[in-house]
Amino acid sequence: AMSGVKVETPALDALAARGVLFERAQAVSCITLPSHTAMLTGVHSRDLGIVDNVTALKPSARTLAEVFQERGYRTVAAVGALHLGHEISGLSQGFERVSAPLLGTKSGEESVDQLLEWIDEFRGQPVFAWLHLYDPHAPYESPDFDQAFLEEARAEGGDEPPLYVREERAKYRGEIGYVDHQLSRLFGHPRVREGVVAFTADHGEVLGEH
C-alpha cells in the first residue's frame, strides 16, 4: 500500500517490484489533455499552449507515436475519454488505429479488450500501444471492488472527515482495484510481459483534501 493507504493493486505492485519505480513524479497539469500532450510529445503543456481540455495538439508537433511509426512499429491507442479522441485532442497523429468513445467515456475492460485484439493481430511485428484508463475518475462506480472499503469507511464513525468524503475515497480505491484487475489481463499477455511497460497517472483527484 502506497502512502499508508489500503488499496489492492497486485498487478501494479508486481510491475513496480520487477521494474524501475519512481516514488517522486509530478504531472505537469491537473487536467487530462495538457498532461497527455506533454507525455506524448516530451514538451511541457505550457510551451505547447495547451492548458485546457479543448485545445488540440497542432499537427506540426512531433509525438512519440510518430517516432515509433517512423521506425516501423504498428501504433495503436485505446482511450477511455471523449476529449482524448482525435477531434478534440489532436493526439491521434502517429497512431494508425485509435479506439475512443463517441460520447462520454468507456470502461477499462472495453479498452483492454480492444488492445489485446490488436496485439494478437500484429503477431511478429513490433507494436507501440497507448492505453488510457478513465475509471479512477469521478463519478466512482466500481461495485465489485469497493464493497469492503465502503464497509470499513462506514464503520469508522466520527465526523472528520465527513461520511460522504470517506465513502468517495473508498469508492475511488475500488476504482483503482478495478483498473489493476484490467491491467493484470493486459500484463498477462505474453507479448506485453516480454515488452517494455511504462505506467503513470495524468493527474490526481482532490477527494475532499483541498
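**Close-up views of a predicted model**

**View 1. The segment after helix H9 (190-194) holds Leu 207.** Phi of Leu 207 is near 50°, which is a positive value in a residue other than glycine. Helices (H or I, at least four residues) and strands (E, at least two) are DSSP runs, numbered from the N terminus. This is a predicted model, in which local features need pLDDT of at least 70 and side-chain atom pairs count only at pLDDT 80 or more, while totals for chains, interfaces and linings use all residues. Residues are numbered from 1 along each chain as its sequence is written, and side-chain values use heavy atoms, with hydrogens and water left out.

**View 2. The protein chain contains 9 helices and 3 strands.** Followed along the sequence, these elements give the pattern α-α-α-α-β-α-β-α-β-α-α-α. The C-alpha trace of the protein chain spans about 60 × 40 × 35 Å along its principal axes.

**View 3. Helix H6 (residues 108-121) and helix H8 (residues 163-187) have axes that come within 10 Å and cross at roughly 10°.** The axes are lines fitted to C-alpha atoms, for helices over the stretch in contact, with angles running from 0 to 180 degrees between N-to-C directions. H6 is therefore roughly parallel to H8 (under 35 degrees; over 145 is roughly antiparallel, 65 to 115 roughly perpendicular, and the rest oblique). On the H6 side the contact (heavy atoms within 4.5 Å) is made by Gly 108, Glu 109, Val 112, Asp 113, Leu 115, Leu 116 and Ile 119, and on the H8 side by Tyr 178, Gln 182, Arg 185 and Leu 186. The residues of this contact of H6 with H8 divide into 6 nonpolar, 2 polar and 3 charged (Ala, Val, Leu, Ile, Met, Phe, Trp, Tyr, Cys and Pro are nonpolar, Asp, Glu, Lys and Arg charged, and the others, Gly among them, polar).

**View 4. Helix H1 (residues 10-18) packs with H8 at an angle of about 55°, with their axes 7 Å apart.** At this angle, H1 is therefore oblique to H8. Pro 10, Ala 11, Leu 12 and Leu 15 of H1 make the contact with Asp 180, Leu 183, Ser 184 and Phe 187 of H8. By residue class, the contact of H1 with H8 divides into 6 nonpolar, 1 polar and 1 charged.

**View 5. The second largest pocket is lined by residues that include Leu 82, Gly 85, Ser 92, Ala 100, Pro 101 and Leu 102.** Also in the lining are His 86, Glu 87, Ile 88, Val 98 and Ser 99, and the elements that give two or more residues to the lining are helix H5 (86-89) and strand E2 (97-99). H5 provides the largest share of this lining, 3 residues. The lining residues divide into 6 nonpolar, 4 polar and 1 charged. On a 1 Å grid over the protein atoms alone, a pocket is an open set of points where a 1.4 Å probe fits, with protein on both sides within 12 Å along at least five of seven lines, and lining residues have an atom within 4 Å of a point.
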